[in-house]
Amino acid sequence: MKYLLSLLSFILMISCATPNSAKYSKIQYEAGACFGFCPIFKLTVNPDRTAVIEAERFTFTEGRTKDDFSGQKEGTFKATIKQEDYDTLISKLDSLNLNSLKDYYGNKNVTDLPTSYLKITFADGTEKNIQDYGKHGTEKLRELYTFIEDMRKSQTWTKVKQGQKTH
């Protein structure tokens, strides 16, 4: 009986330590180009808080000087998302009611707006994909985009692969 109680206690402790975010197996966000200095990158966040950012242009800069075109900060970077930020990300996703959102937002009559692509893979393998031309979807989507884009500068990114120069 002691062993059974010990085993049950151990299982309970393990289940409490399991992150509640296990409903998302992958979170992907891609920021597309515009004719100006819009950041261009793809960010992938996993349930263990590991993240990869594929930086193409203006990912870590404001894109306001000639030096920002040098490509020194382009490439692939890895980080472990801070626990508090990860919890906030999951909370923002949970508040969206993802399955009720449209797959496309935007007004194609306006030109030169960046497009965001949000792809959420659920633990059961299903996906929700949202394309948002202009990044104006819903208010909660805009808050999520801002939070994700701010993670470019709020996390500690380590370069793992150099980007290719395009000039």
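I began with the helices and found that the axes of α2 (residues 83-95) and α3 (residues 139-154) come within 10 Å and cross at roughly 160°. The model is a predicted one. Angles over 145 degrees count as roughly antiparallel, and α2 and α3 are therefore roughly antiparallel to each other. I noted the hand of the crossing as well: α2 passes α3 left-handed.

Next I listed the residues that make this contact. From α2 they are Asp-85, Thr-88, Leu-89, Lys-92, Leu-93 and Ser-95. From α3 I wrote down Lys-140, Glu-143, Leu-144, Phe-147, Ile-148 and Ser-154. Sorted by class, the contact of α2 with α3 has 5 nonpolar, 3 polar and 4 charged residues.

How many cavities of 30 Å³ or more does a search of the whole structure find? I got 1. I recorded a volume of about 40 Å³ for the largest cavity.

Which residues line the largest cavity? My list reads Ile-27, Gln-28, Tyr-29, Leu-43, Val-45, Leu-89, Ile-148 and Met-151. I checked where the lining comes from: β1 (24-31), β2 (40-45) and α3 each supply at least two of its residues. The largest share, 3 residues, belongs to β1. By class, I counted 7 nonpolar and 1 polar residue in the lining of the largest cavity, with no charged one.

I cross-checked the two lists. Leu-89 is in the α2 side of the helix contact and also in the lining of the largest cavity. Ile-148 is in the α3 side of the contact and in that lining too.

Last, I looked up backbone angles. Asn-97 is not a glycine, yet I noted a positive phi of about 50° for it. I placed Asn-97 in the loop between α2 and β5 (104-105). Asp-112, also not a glycine, has a positive phi of about 65°. Where does Asp-112 lie? I found Asp-112 in the loop between β5 and β6 (115-122).

Key:
Residues are numbered from 1 along each chain as its sequence is written. This is a predicted model: local features need pLDDT of at least 70, side-chain atom pairs count only at pLDDT 80 or more; totals for chains, interfaces and linings use all residues. Side-chain values use heavy atoms; hydrogens and water are left out. Axes are lines fitted to C-alpha atoms, for helices over the stretch in contact, and angles run from 0 to 180 degrees between N-to-C directions. Helices (H or I, at least four residues) and strands (E, at least two) are DSSP runs, numbered from the N terminus. Angles under 35 degrees count as roughly parallel, over 145 as roughly antiparallel, 65 to 115 as roughly perpendicular and the rest as oblique. A crossing is left-handed if the near helix is turned anticlockwise from the far one by less than a right angle, and right-handed if clockwise. Contact means heavy atoms within 4.5 Å. Ala, Val, Leu, Ile, Met, Phe, Trp, Tyr, Cys and Pro count as nonpolar, Asp, Glu, Lys and Arg as charged, and the others, Gly among them, as polar. On a 1 Å grid over the protein atoms alone, a cavity is a set of points where a 1.4 Å probe fits but cannot get out, and a pocket is an open set with protein on both sides within 12 Å along at least five of seven lines; lining residues have an atom within 4 Å of a point. Grid points are joined across faces, edges and corners, and a volume is the space filled by probe spheres set on the points.
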